[in-house]
Amino acid sequence: MSELKNNIIAIASGKGGVGKTWLAVTLAHLFARSGRHVLLFDGDIGLANVDVQLGLTPQRDLSSMLSGRHTLKEAITNYPEGGFDIIAGRSGSASLAALPVEKLEHMAADLQELRKNYDFVVIDLGAGIEQHVQYLASLAHRCIVVVTDEPTSLTDAYAFIKIANTGKNPPEMCVVVNQAATQREGEMTYNAINKACVNFLNLSPPLLGIIRRDNKVKDAIRSQKSLLIKAPHSTAATDAAVLSIKLMQR
């Protein structure tokens with residue numbers, strides 16, 4: 001199983017609003033800029049926003065595949081400005097939580113087949129710790145848990161790691177601290193969640209990196225552009241590039 005999923009990276013958070021989708025989009029773009037063939041999969045069908053952040057209006061999406069109108073491959077949309085493919089969800093439609101297990105398994109099998117055509121598949125997971133979120137996380141070789149210094153972000157991320165680690169096939173966990181005021185404050189945030197994981201789970205998820213707070217991120221999201229297009233030399237873009245290099249080296 002590990003060989004099948006070793007190019008799939010899931011981006012999780014536990015709590016919404018911490019920059020998970022932004023990081024998924026930015027990493028996909030960074031991988032593509034490095035010459036990799038990349039698929040970005042929006043795993044939050046009910047509150048999908050990958051396509052919104054990129055200013056795309058896909059003709060086909062994940063919901064059309066789940067309804068049987070198209071295959072997963074037919075639901076792929078290219079993002080030409082970034083040089084990577086996406087499979088969009090659809091905001092306002094029924095969430096993955098409402099899907100029968102059989103449909104989830106069918107979608108997972110199709111995704112495993114598609115990933116053979118890519119160097120990286122990045123899954124933007126829905127927020128929360130529900131079963132369908134954990135199921136998609138289990139498809140990944142590595143799961144990046146995004147946290148901020150907000151107490152609710154830390155507690156929800158801990159809950160996600162705890163539940164994911166009890167699964168039959170847990171992914172390798174690592175942590176990214178987002179929106180850190182400084183490098184030092186980012187390290188303090190990581191130390192807080194790592195201490196909880198060590199004390200209560202006997203687990204120490206490594207720190208993949210810290211992304212400093214940068215208003216250019218909000219500007220890019222408002223303009224529905226990738227940060228690498230809107231502000232390629234910004235602080236957050238530079239910090240994210242360091243993460244992408246670590247992931248490609250691994």
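In strand 1 (residues 8–12), Ile8, Ala10 and Ala12 point one way and Ile9 and Ile11 the other, and all are buried, where buried denotes under 20% relative accessible area, exposed over 50% and partly exposed in between, with a 1.4 Å probe and protein chains only. Strands (E, at least two residues) and helices (H or I, at least four) are DSSP runs numbered from the N terminus. Because 5 of the 5 residues of strand 1 are buried, this strand is largely enclosed by the rest of the structure. The model is a predicted one, in which local features need pLDDT of at least 70 and side-chain atom pairs count only at pLDDT 80 or more, while totals for chains, interfaces and linings use all residues. Residues are numbered from 1 along each chain as its sequence is written, and side-chain values use heavy atoms, with hydrogens and water left out.

Strand 1 is joined by 4 bridges to strand 5 (residues 120–125), and the two run parallel; pairing of two strands requires that DSSP finds at least two bridges between them. Within strand 5, Val121 is the bridge partner of Ile8. Strand 1 also pairs with strand 6 in the parallel sense, over 4 bridges, with Ala10 opposite Cys143 and Ala12 opposite Val145.

Strand 6 (residues 142–147) is likewise mostly covered, 6 of its 6 residues being buried. From this strand, Arg142, Ile144 and Val146 point one way, whereas Cys143, Val145 and Val147 point the other way. Strand 6 is in turn connected by 6 bridges to strand 7 (residues 172–180), to which it runs parallel, and Arg142 stands opposite Glu172 in strand 7. Between these two strands the chain passes through helix 6 (residues 151–165), and the resulting β-α-β crossover is right-handed, a term that applies if, with the strands pointing away from the viewer, the path from the first strand over the helix to the second runs clockwise.

In soluble globular proteins, nonpolar side chains tend to be buried together. A nonpolar core is taken here as a set of buried Ala, Val, Leu, Ile, Met, Phe, Trp, Tyr and Cys residues joined through side-chain atoms within 4.5 Å. The largest such core has 45 residues, and Leu125, Phe160 and Ile193 are those with the most contacts inside it; helix 6 gives the most to this core, with 6 residues. With neighbours within four places in sequence left aside, Leu125 is in contact (heavy atoms within 4.5 Å) with residues including Ala10, Ile11, Ala12 and Phe160. A second, separate core of 40 residues includes Phe31, Phe84, Phe120 and Val146.
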